Amino acid sequence: MIAEAGLVALWLGAALCALQLVLTILTLRTPLVLSEVEGRVASASPGARASTSLSTNGEEMGPDGAMLAKAIRPVAVAQGLLTCLAFALLILLFIRVDLSVLLVAQNDHSEKPFLYRFAASWGNHEGSMLMWVSILSVAGAAVAVLERRLNERTLIATLGGQAAIALGFYAFLLFASNPFARLTPPAMEGQGLNPLLQDPGLAFHPPTLYIGYVGLSVAFSFAIGALVTRDVGPAFARAMRPWVLGAWIFLTIGITAGSYWAYYELGWGGWWFWDPVENASLMPWLAATALLHSVTVLATRDGLRAWTVMLGVVAFSMSMVGTFLVRSGILTSVHAFAVDPRRGSFLLALLALYIGGALVLFALRVGTVREGSRFDALSREGALVLNNLLLTVILGIVLVGTLYPLILEGLTGDKLSVGPPYFNSAAGPLALLLCMAMVAGPLMRWRREDVRPLLRRLAPAAALVVVALIAIKLFAPPIGLLPLLGLGLSFGIGLGSIEPLFGRNLRRTPLFTWGMVVAHFGIGVALAGMACDSAFTVEKLVAASVGETIPVGPWRVKLASVTPGFGPNWTSMESTLEVERGGAPRTLRPQARYYWAPPTETSESAILTVWNGQLYTVLGSQAEGGRWQLRLWWKPFVTLIWAGGGLIGLGGFLALIGRLLRERRSAKNRELYA
């Protein structure tokens, strides 16, 4: 009865979601009771009414509207609880290995460790979509419970937007991807989880990405709510900002963790492959980064109003595009699950409905969005506009490179591969320009900046970049232009990111300022790691006999032995590698594994991490003459990539806590002096 209870909870959640949407529509259609001031405005000319319609301050709901509005919050909370119950019951089915449920039989196995039985509940199409809907509903419930800053009508419209999104995904689950479908008769044993997903990363990576995706859905709903009620202003931005920042933090952590997971799990020695599904997570992050800076300007300086609303739509649009790529079956990837084209058609319809509808609404209402405060091109706001433009262009490059081969194949049947050469050459130079703007932006003043003081503030970082470039050219082996510029610029970013702290009382510096500094410093660290990996990596692919020693970079690697091994659900051939570079030898044990449920061969890399890089080793198959294929890489300072990603996420977290604490203090002060 567990599966049936889960399905009932899912249907009830869908029914409450529909009720929430209906209540929202009815509430927004009820007439407003205008205050005396608003009454004078209402009797004025249409032009005067349009000029004051951005805010609903002074407008109150009538008795009917207020009654309907009071019902929406508890309905949203109940919906969130029901979807959580449905997801918890699905997890229970996987833990118990209930083979009478089709999804469990296809993706679980009784001999798998507990962690993989637990995480297998979302390591498949239906389960991952139920996780998506659960997080989506919980986010809507959190907005209903926690949000008190927005005008009531704008909040109601926001909850309605969230319900509209959730309702489409409820329909997708219930009619095209039922996770609780029964299997008659039950299977004797499960088929097991994809061995590439049998890793602790499965318990961490998808949930963080999904929370990020869904956080952008909340930003999208805020944007729609503000457009519907014509309430685009600083209050709307202050309400949206924590959700955007939270989504951005989880996307950053998820992408960083996913990159390292793919790095050590796939055995290819790379940290980013420009795989379409990797790009599907990068595109929302790029849009969210632009949105985060734009919403900050609107919240603090009342600028970039249209930018903020549009980026709210674009960011969630990229999440929907990513969902379509992974779940539609048009891609073959270790990340992709669905293979049923009908599901792809369903998702494409949802994509067209939500994004097309939002763009139409934006086009209809953008004329009512006032310009906001003016600023000079040479100002911090101007630097943030440049930041948004560059991020948008890079996003467009990634989007075209990801979708063009798929569209071409669909129209003509021709297969085209778009890989790192395109992305690196097209997006790389723009990314370096973006980093330069990132150094200059925080050193500028709001509204207007003078050239000479700005140049004085930029001089230390620029000088450090020049010194670093000269030192690299003199003392490093020859490297390409992009890695050279990236490595030199990383030093300037490191210094420029901490310059906003110069001359300040560090104890009194706001926590969100520390967050900005840490995040920008993390970008410099990550850029240094990327440049070093691209410029200085040494690779060896050899067929070695037992006892043979292979040099790779500063290391000497000896193949000491190859022996059979076994684990809970796999057998292996395990090599023992003795590695040394002038000190005591160390031992690495890469494996070639064979999983029997489902039958799959994988390479399990062995990695030695030292202060200045990683030695990456992979055991391949046996070659002629008793030799064994070995793939060896020495990757100087590659760990800076993920250390930088961690710093970026930490900076976002500090900024989020700092903003929330400031808003809490402001609210207490308002109550004190009210």
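Let me start with tryptophan 132. Setting aside neighbours within four places in sequence, Trp132 is in contact, meaning heavy atoms within 4.5 Å, with Phe169, Tyr210, Tyr213, Val214, Phe316, Ser319 and Thr323.

Before going on, the ground rules. This is a predicted model, where local features need pLDDT of at least 70 and side-chain atom pairs count only at pLDDT 80 or more, while totals for chains, interfaces and linings use all residues. Residues are numbered from 1 along each chain as its sequence is written, and side-chain values use heavy atoms, with hydrogens and water left out.

Now the core. A nonpolar core here is a set of buried Ala, Val, Leu, Ile, Met, Phe, Trp, Tyr and Cys residues joined through side-chain atoms within 4.5 Å. Buried means under 20% relative accessible area, exposed over 50%, and partly exposed in between, with a 1.4 Å probe and protein chains only. The largest nonpolar core has 139 residues, and the members touching the most others are Trp132, Phe169, Phe222, Phe236 and Met240. Helix α10, residues 234-265, gives the most to this core, with 14 residues. Helices are DSSP runs of H or I, at least four residues, and strands are runs of E, at least two, numbered from the N terminus. Domain 1 (1-198) and domain 2 (538-636) both give residues to this core, so it lies between them; the domain bounds come from an automatic or database domain assignment. Apart from this core lies another, of 19 residues, including Leu559 and Leu632.

Next, a helix pair. Helix α7 (residues 125-146) and helix α9 (residues 205-229) pack at about 45 degrees, with axes 9 Å apart. Axes are lines fitted to C-alpha atoms, for helices over the stretch in contact, and angles run from 0 to 180 degrees between N-to-C directions. Among the contacting residues are Trp132 and Ile135 of α7, and Tyr210 and Phe222 of α9.

Then glycine 269, in the loop between α10 and α11 (276-301). Gly269 is buried, at 4% relative accessibility. Not counting residues up to four places away in sequence, Gly269 touches Tyr263, Tyr616, Trp633 and Lys635. Its C-alpha atom is 9.1 Å from that of glutamate 539, 270 residues apart along the chain.

Last, some backbone geometry. Tryptophan 274, in the loop between α10 and α11, has a positive phi near 55 degrees without being a glycine. Trp274 is buried, at 16% relative accessible area. A cis peptide bond, omega about -10 degrees, joins threonine 184 and proline 185.
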